[in-house]
Amino acid sequence: MLLTTFILAAICAVLAHSRSEPLMIDPPFLQPNQEDQFKDADKNTDGKLSFDEYLMKDKFWVDMQRENFKNRDANGDGFVTLQEEQAYVKKMEEEAKKQMEAYNQEKFSEYDENKDGMLSKTEMSAYADKYLGVLTDKAYDDFFSLSDINKDGKLNYKEFKEFDANWQGANLTFKPVPNRPFIAIDPPMPTKIITN
């Protein structure tokens, strides 16, 4: 679960990079204030927290760990063996690869305007401009040529994936970022979760 959350967060960050509107954070990530956390964790209401109660101050984290444990405990016996842990991590890695592959295929199809199964330099330029934020200048042209392994002037899906995986180390020129004042979170969010 934690690996999946991390992977999804990374994918969201990539997608957010291409968006002009602010990325919103869902309310489950908000935390109640300290006094409320303390009172909620102090189950015996004695004004002090045992270690177990202290852990409950961050109920969201505890619930997330409980869910992580449950997902790893494949046979439901209340214990996680090394084999169960390894199997779970392998499963999450495979899921992450599938999600990334689906994302790559979606982007490739989106920019393959003539649906010939290839990305021309013009189609790839549109992708680089919108999703990578790079200028299509001489450095871009050189990198496109290097990525075009079979030298047909287009990128097939395999070449596209290589281009996408290696563009950050290619010395490309980034587009200038429009001037916008830094805003931590648009719009301001409440500091307390309101529950029914």
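Buried here means under 20% relative accessible area, exposed over 50%, and partly exposed in between (1.4 Å probe, protein chains only). Helices (H or I, at least four residues) and strands (E, at least two) are DSSP runs, numbered from the N terminus. The model is predicted, so local features need pLDDT of at least 70 and side-chain atom pairs count only at pLDDT 80 or more, while totals for chains, interfaces and linings use all residues. Residues are numbered from 1 along each chain as its sequence is written, and side-chain values use heavy atoms, with hydrogens and water left out.

**Stop one: H7.** Select residues 138–147 and colour Tyr140, Phe143, Phe144 and Ser147, the buried ones. Look down the axis: these buried residues fall within an arc of 105° (taken from the directions from the helix axis to the C-beta atoms), so they line one face of H7.

Now show what the buried side packs against (contact: heavy atoms within 4.5 Å): strand E1 (119–120), helix H6 (121–132), strand E2 (154–155) and helix H8 (157–166).

**Stop two: H6 and H8.** Keep these two helices on screen. Met124, Tyr127 and Leu132 of H6 meet Phe160, Phe163 and Asp164 of H8.

**Stop three: two loop residues.** Pick Thr45, between helix H2 (34–41) and helix H3 (51–55). Its phi is near 50°, positive although Thr45 isn't glycine, and its relative accessibility of 67% makes Thr45 exposed. Then jump to Lys151, in the loop between H7 and E2. Here phi is near 55°, again positive in a non-glycine residue, and Lys151 is exposed at 56% relative accessible area.
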